[in-house]
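The sequence and the structure come first.

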Amino acid sequence: MTLSILHHYIAGEFVDSSKRFDNINPVNGQRICQVAEADKKQVNQAVMAAKEALRGPWGSMSVQQRAALLHKVADGIEARFDEFVAAEMRDTGKSLQQASSIDIPRGAANFRVFADMVKTAGSECFHTDTPDGKGALNYSLPKPLGVVAVIAPWNLPLLLLTWKLAPALAAGNCIVAKPSEETPSSATLLAEVMHEAGIPPGVFNLIHGFGPNSAGEYLTSHAHIDAITFTGESRTGSAIMRAAAEHVKPLSFELGGKNAAIIFDDADFDAAVEGTARSAFTNGGQVCLCTERVYVHSSLFERFVAALKQKAEAMKIGWPTDADTDMGPLISFEHRNKVLSYYKLAAEEGATFVTGGSVPEFGDERDQGAWVQPTLITGLSEDARCVKEEIFGPIAHISSFDTEEQAVALANNSKYGLAAAIWTQDISRGHRVARQMEAGMIWVNTWYLRDLRTPFGGVKMSGIGREGGQHSLNFYAEPSNICIKL
Ligand SMILES: NC(=O)c1ccc[n+]([C@@H]2O[C@H](COP(=O)([O-])OP(=O)(O)OC[C@H]3O[C@@H](n4cnc5c(N)ncnc54)[C@H](O)[C@@H]3O)[C@@H](O)[C@H]2O)c1
Ligand SMILES: O=C/C=C/C=C(\O)C(=O)O
């Protein structure tokens, strides 16, 4: 059976490479298709095509015209919705429910929100007094950065790729994007949609490949890249920072996390259990915002652990296409081995396994896939590696606290600072504890409730900068100040 091949999209054309890699379905380990792997020459072609396109019709297009094109891209995603859902599920094994209610709808929404926002964006203007009394006018003019390298991860492939593409394009930049090697399909479909929508050749370029010594590194170290926006592991962020250092360029980083949930004694118990199960196991724990550390007031601890265990064991781990599936496989065998190595480490570090800790057995082709059990552990010290290091799988450690001060100190005791969830019915405490969190995003009595205008990003090792609303536009366009002597 000849496998289809996913191509790059460079200068408005779909092109192959001599080198290719396999795209694997993590549900059963079967090959889905082959993917062209861009070499240095092709990455250079993509960068130069983007540079050239800045001087073409895109560079002289009005904001209204650019916004209209971005809405056409959103229309195209919606018109091919089922294809995008199928592509995302094939590459990741995520459930139909997740792909069709979060991943793909957000792909279209990301284009629409920034197409609309850029049309109403204003800029600063100051009337300046001068000694001669005639005054001066100072106004700022936002200008696109130029050629932006966009590097995306595999966990929410279309959502996170378009979360960067949409504002970057809305601000007038040209793009060279590299999706994760694990999830090439929806990005390639997006290239088709961009092409059909009439995005001018070279404005959006898509290259496939890996990170080190492959397309990712060739892209981030390219002299003609004007800015880099990256989402992925913190250590990859460090590598990209080193690669980009020589040419000094703006960086936007959305990195790793080891997020805490704090459940106070006055929490709405059922809501806290439901919300914490969702924040621990959504997308198989493969969301940067997922909870991996749960801190419960000592008065509730035993009851809460039992209730969370019940939730975890009630989850349906099944075929992605089944409407009632709660969790699919992990993204790859490599990642499953990483998560299983932490399950093993947890035991070595002395953890008590409340539930899970191994691999589900199906008795069918799924036994050839990258599956793990949702897992809850207790009993580790705060210095344990399983409590300190990001695992990025369906596992959370639960421990107890007595005072609010202890809860804040426990939650903040991390090199990461991406997100936190606080469960309390005392809203003054909610405000008070949220303000003390060393994190970029804090949810109180909810989790992953999104308003696309809000600042999204982390502190410490969790990132540099913010995405979302005007924060995105502020990164992708930088103001020049023009002073006119009157
Ligand atoms: N903060 C956020 O918003 C956010 C969102 C999603 C995922 N993440 C993080 O991403 C990680 C999981 O995603 P992942 O495994 O794809 O991350 P990863 O860092 O392994 O890879 C991310 C992307 O970077 C590329 N890459 C890897 N090494 C590179 C290099 N040296 N130069 C250039 N490109 C390189 C990869 O090919 C991929 O496209 C987790 O740590 C998760 O917390 C963070
Ligand atoms: O895995 C990380 C999830 C990131 C989500 C977003 O960036 C978003 O919802 O805009």
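## The annotated site

Leaving out neighbours within four places in sequence, E254 is in contact (heavy atoms within 4.5 Å) with K164, F230, T231, G232, L418, F456, G457, G458, S462, G465, R466 and E467. The model is a predicted one, in which local features need pLDDT of at least 70 and side-chain atom pairs count only at pLDDT 80 or more, while totals for chains, interfaces and linings use all residues. Residues are numbered from 1 along each chain as its sequence is written, chains are lettered from A and ligands numbered from 1 in the order in which they are written, and side-chain values use heavy atoms, with hydrogens and water left out.

E254 carries the UniProt annotation "active site", taken from an unreviewed entry; UniProt positions are given in the numbering used here, feature names are shortened, and annotations may be inferred rather than shown by experiment. E254 belongs to strand 12 (residues 251-254); helices (H or I, at least four residues) and strands (E, at least two) are DSSP runs, numbered from the N terminus. With a relative accessibility of 5%, E254 counts as buried, where buried means under 20% relative accessible area, exposed over 50% and partly exposed in between (1.4 Å probe, protein chains only).

## Domains and annotation

The chain is divided into domain 1 (5-255 + 462-485) and domain 2 (259-451), with bounds that come from an automatic or database domain assignment. The contact between them takes 29 residues from domain 1 and 32 residues from domain 2. Taken over C-alpha atoms, the centres of domain 1 and domain 2 are separated by 31 Å.

The unreviewed UniProt entry also gives the annotation "domain: Aldehyde dehydrogenase" for residues 16-479.

## Nonpolar cores

In soluble globular proteins, nonpolar side chains tend to be buried together. A nonpolar core is here a set of buried Ala, Val, Leu, Ile, Met, Phe, Trp, Tyr and Cys residues joined through side-chain atoms within 4.5 Å. The largest such core has 89 residues, and those with the most contacts inside it are I77, F111, L165, L190, F204 and L289. Helix 6 supplies the largest share of this core, 10 residues. Domain 1 and domain 2 each contribute at least three residues to this core.

Not counting residues up to four places away in sequence, F111 touches L70, V73, A74, I77, T162, L165, A166, L169, L190 and M194. A second, separate core of 30 residues includes I391, I395, A411 and A434.

## Aromatic pairs and charges over rings

Rings of Phe, Tyr and Trp (its six-membered ring) pair if their centres lie within 6.5 Å; planes under 30 degrees apart count as stacked, over 60 as edge-to-face and the rest as tilted. By this rule the count comes to 12 aromatic pairs. One of them is the tilted pair of F114 and W163, with 5.7 Å centre to centre and 55 degrees between the planes. This pair links distant parts of the chain, with F114 in helix 5 (residues 96-120) and W163 in helix 6 (residues 157-170), 49 residues apart. F114 counts as buried at 0% relative accessibility, and W163 counts as buried at 2%. The pair of F362 and W371 is edge-to-face, because the ring centres are 4.7 Å apart and the planes stand at 65 degrees. W371 is buried, at 1% relative accessibility. Elsewhere, ring pairs link Y9, F14 and F204 into a cluster.

A charge sits over a ring if NZ of Lys or CZ of Arg is within 6 Å of the ring centre and within 35 degrees of the ring normal. The charged end of R106 sits over the ring of W163, 4.9 Å from its centre. R303 lies over the face of F269, 3.7 Å from the ring centre.

## Positive phi angles

Most residues other than glycine have a negative phi, and most peptide bonds are trans. N445, although not a glycine, has a positive phi of about 60 degrees. Y448, also not a glycine, has a positive phi of about 50 degrees. N445 is placed in the loop between strand 20 (441-444) and strand 21 (459-460), and Y448 lies in the loop between strand 20 and strand 21. N445 is partly exposed, with a relative accessible area of 36%, whereas Y448 counts as buried at 17% relative accessibility.
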